[in-house]
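These are my notebook entries on a single protein model. I wrote down what I looked up, entry by entry.

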Amino acid sequence: EGADALRLAASLLRGPCGPHMAPLAPALRRLLELRRPLRESMRAPDAHELLDVLSALAALQPAPMGAPMAVELLVGCAASSEGGRRSAYSLFGAHCANGAALPHLSLEQAAEVAGGGAESLLDPARLESLDWLRASHARELVRSFPVDMLLPAEPAGCGGEPLSASAPLEGGEAVARADAAEGPRPDALGSLLVLRCLLRHGRCDAPRWISKGAAGLLVVGLSAASPSARSLAYEAVAALMAVLRNGPSFRERPHVVRLLRSLQDAITKPNLRVPSLWSVFVAHGLAILAQPHHPQYKALNNYILTRAFFDLSDVPMFFHCFHSGSSTPRDDRLWMLALLSHGLRAEEDARLCGGRHVLELLLGFSDSSLADPPARRACLAVLLRASGTADGASALLSKHGILAWLRMQLCASPLSSPLLELVALLAALVRSPPFASLAAATHAEAGRALCDAIAAARAVRRGRGDAAAGGGDGGDDDRGR
């Protein structure tokens, strides 16, 4: 009954009578906040409905979000499901819809967010030393940074459907698994706010920030779609560069400063949205510069030193790595494919790849004798990322013959690529908006590809059955079934 009442309230606030209810909005907001603390509400069955009503109230009477409310939401995000995190981001987005800045946290509030509300992690010394930000967690946040986290979303139904037709909030499941294994950890937005707070109070050990991945996380924030989130990231990166410029020297400092300055000099407009391919490249580069033994250390330094500034209309280091003449070309290609799969997230990234014919090269390379199973899997990961953007899916479907390529892969005996990834790519292409506008012949081709996928799955299942009947273990790949 409570959830139904909240859904009705959200519908009324967003409907024609919403403006007439504006005088009641402050009282309604106070009543909702008095029910229970927000951090507890986010674990309740009606969490999505409650946050939806608060978002409707924020849209009706726009006002900056206060730091106490932000702390409650961020602590709730650390222990909530992906649906709860999406709903909380929608509420942040509603408060920031008119360009309002995200709130500044005090050190005590930052410690509470960093600890996920756990009393054992509220020690200021542990906050400053970044004990709350494991390097593995920071890497996961960089790989799956939710670039659209504060964008206004269509009201979702009960249970919280994805905010867009493409996919659920990026990285939500992976981060949730890490949180479950290691205890509550702050999400991407909470981490950015905590790091900005530490920088504002002069609590930054630059070498540790680089080795722990905190600096890379700040840079990836420059690719956020929300102007408010980008402003937060720009403020934090500027403060970090001031620390690097004026703080104690360390071995990697000249290389780190040169990398960040190359990115800074490429930004020509205030609050410019940096393509994700470039922000992820710089984040990976910061991690590499902290490891002189890394295979890409020399190549990255050569790339930086031969340019006055980065060309944000290009794909970083693509031809240097993909057509590498080094002694380890396979490792160079795998590193570049990983960079592409992490960085290809928005339409601008797909356009950059189109300008360099990246997708055509990957389709050809995947069928070549140079591609081993890990390389083919990495190519499929990039193609799957590209299919999640309208420009990427349109290019694959109408220019590159991706459906015919998929049929060829599915009809191969034995399969040269993992069946699950092939089917996931086919499903993503069929769900993409450009697919609906294509000719009937393309739809028929997709249907034939689906039939080939079903036949391949049956063949895998028969192969497993024959192996079991012959006394074998049937292989170790359950995904065909």
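Which helices do the buried residues of H23 pack against? I find H20, helix H21 (358-366), helix H22 (373-387), helix H24 (402-411), helix H25 (419-431) and helix H26 (433-436).

**Ground rules**

I note that this is a predicted model, in which local features need pLDDT of at least 70 and side-chain atom pairs count only at pLDDT 80 or more, while totals for chains, interfaces and linings use all residues. Residues are numbered from 1 along each chain as its sequence is written, and side-chain values use heavy atoms, with hydrogens and water left out.

**Whole chain**

I counted 27 helices and 0 strands in the protein chain. Helices (H or I, at least four residues) and strands (E, at least two) are DSSP runs, numbered from the N terminus. Of the 481 residues in the protein chain, 50% are buried. Buried stands for under 20% relative accessible area, exposed for over 50%, and partly exposed for what lies in between (1.4 Å probe, protein chains only). The accessible surface comes to about 21100 Å², and 57% of this belongs to carbon and sulfur atoms. These areas come from the Shrake-Rupley method with a 1.4 Å probe, and for residues only the protein chains shown count as cover.

I then looked at contacts, meaning heavy atoms within 4.5 Å. Among those between residues at least 6 apart in sequence, 74% join residues at least 24 apart.

**H23**

Back to helix H23, residues 390-398. Its buried residues are Gly392, Ala393, Ala395, Leu396 and Leu397.

**H11**

I checked the span of helix H11 (residues 188-200). Its 13 residues reach 18 Å from the first C-alpha to the last, close to the expected 18 Å at 1.5 Å a residue. The expected span is 1.5 Å times one less than the number of residues. Because 12 of the 13 residues are buried, H11 is largely enclosed by the rest of the structure. The buried set includes Arg196 and Cys197. Just after H11, Gly202 has a positive phi of about 70°.

**H16 and H20**

I looked up how helix H16 (residues 276-289) meets H20. Two packed helices are described by the angle between their axes and the distance between the axes. Here the axes come within 8 Å and cross at roughly 90°. The axes are lines fitted to C-alpha atoms, for helices over the stretch in contact, with angles from 0 to 180 degrees between N-to-C directions. H16 and H20 are therefore roughly perpendicular to each other. The classes are roughly parallel under 35 degrees, roughly antiparallel over 145, roughly perpendicular from 65 to 115, and oblique for the rest.

On the H16 side I see Ser276, Leu277 and Trp278, which meet Asp349, Leu352 and Cys353 in H20. By class, this contact has 4 nonpolar, 1 polar and 1 charged residues. Nonpolar covers Ala, Val, Leu, Ile, Met, Phe, Trp, Tyr, Cys and Pro; charged covers Asp, Glu, Lys and Arg; the others, Gly among them, are polar.

Most residues other than glycine have a negative phi, and most peptide bonds are trans. I recorded Leu130, with phi near 65°, in the loop between helix H8 (124-128) and helix H9 (135-143). Leu130 counts as buried, at 0% relative accessibility. I also recorded His357, with phi near 55°, in the loop between H20 and H21. His357 counts as partly exposed, at 45% relative accessibility.

**Single residues**

Ala346 sits in the loop between helix H19 (329-343) and helix H20 (347-355) and is buried, with a relative accessible area of 14%. Not counting residues up to four places away in sequence, Ala346 touches Arg273 and Thr389.

Leu57 lies in helix H4 (residues 47-60), buried at a relative accessible area of 0%. Beyond four places in sequence, Leu57 touches Leu13, Ala25, Leu28, Arg29 and Leu32.

Ser226 is in the loop between helix H13 (214-220) and helix H14 (227-246). Is Ser226 buried or exposed? I have it as buried, with a relative accessible area of 6%. Leaving aside neighbours within four places in sequence, Ser226 is in contact with Val147, Leu150 and Leu151.
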